[in-house]
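User: I am new to this structure and would like to learn how to read its features. Please show me how to go through them.

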Amino acid sequence: NHAKVLKSLYGLRSAPGNWAKELERFLVSIKFHFCHKEKALFTRITGNNTIILLVYVDDILIGSNSLSEISLFESELSKRFEHKPFESFEEPRTFLGINIQQIGPRILYHQYDYIEKLMSKFSVTTNEKIRSPISTTLALPPDLYSCTEETLRKYQSIIGSLLYCAILSRPDILYATITLSRVRNPTSEIFHAAKRILQYLWNT
């Protein structure tokens, strides 16, 4: 049974859904309530103490007006699941590749660190000053062109990373990224166009 559970949670396409249901059952059992409009959001109110959880797969962002409430939740979680110790009870600095800064009453979020890692991962230089995400003269290659599997994997990886940025914090690159995502067999010119978007992100 133990092996079947592990396979169900970590080895199948249905793993994220199974894990979400398992975590939800656990949180409900310790008196958390999930938001019907946003099922990744859980809250528990005990007297004057409130704790809020924002869940993304196995990453959890925790907010509370009570340190003891956070400590209690960590203890409850430890009894059911193995997890890394809570690092601190300070304001969050990063979450899912997003940098978070609180400046007075405002909250600023960006993906500077994430973009910097992408620049290194895909060997993109910071020398060029790019002010637009895509060239107006770029032509997409015909489907007849064929590239290697390794080139395609790298291209899909960079496009997926760019889409993540576009959806979370940079909608200004969405059109350019979606345009390039239509390419099935990228040429060196198309690969350069994808890297251009990264250079644009870095410069803006």
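**Helix packing and overall form**

Analyst: The axes of helix α6 (residues 174-181) and helix α7 come within 11 Å of each other and cross at roughly 160°. Axes are lines fitted to C-alpha atoms, for helices over the stretch in contact, and angles run from 0 to 180 degrees between N-to-C directions. Helices (H or I, at least four residues) and strands (E, at least two) are DSSP runs, numbered from the N terminus. Angles under 35 degrees count as roughly parallel, over 145 as roughly antiparallel, 65 to 115 as roughly perpendicular and the rest as oblique. The angle therefore makes α6 roughly antiparallel to α7.

User: What should I know about the source of the model?

Analyst: This is a predicted model, in which local features need pLDDT of at least 70 and side-chain atom pairs count only at pLDDT 80 or more, while totals for chains, interfaces and linings use all residues. Residues are numbered from 1 along each chain as its sequence is written, and side-chain values use heavy atoms, with hydrogens and water left out.

User: Which hand does the crossing of α6 and α7 have?

Analyst: A crossing is left-handed if the near helix is turned anticlockwise from the far one by less than a right angle, and right-handed if clockwise. The crossing of α6 and α7 is left-handed.

User: Which residues of α6 and α7 meet?

Analyst: Contact means heavy atoms within 4.5 Å. Ala176, Thr177 and Leu180 in α6 meet Ile190, Ala193, Ala194 and Ile197 in α7. By class, this contact of α6 with α7 has six nonpolar, one polar and no charged residues. Ala, Val, Leu, Ile, Met, Phe, Trp, Tyr, Cys and Pro count as nonpolar, Asp, Glu, Lys and Arg as charged, and the others, Gly among them, as polar.

User: How do α5 and α7 pack?

Analyst: Helix α5 (residues 149-168) and helix α7 (residues 188-203) pack at about 30°, with axes 10 Å apart. That makes α5 roughly parallel to α7, and the crossing is left-handed. Among the residues in contact are Tyr155 and Ile159 in α5, and Ile190 and Ala194 in α7. The contact of α5 with α7 has eleven nonpolar, one polar and two charged residues.

User: At what angle do α5 and α6 pack?

Analyst: The angle between α5 and α6 is about 155°, with their axes 10 Å apart. The two helices are therefore roughly antiparallel to each other. Tyr155, Ile159, Leu162, Leu163 and Ala166 of α5 make the contact with Leu174, Thr177, Ile178, Leu180 and Ser181 of α6.

User: How many helices and strands are there in the protein?

Analyst: The protein has seven helices and seven strands. Its radius of gyration (taken over C-alpha atoms) is 21 Å, well over the 17 Å that the globule rule gives for 204 residues, so the protein is more spread out than a compact globule. The globule rule is 2.2 Å times the number of residues to the power 0.38.
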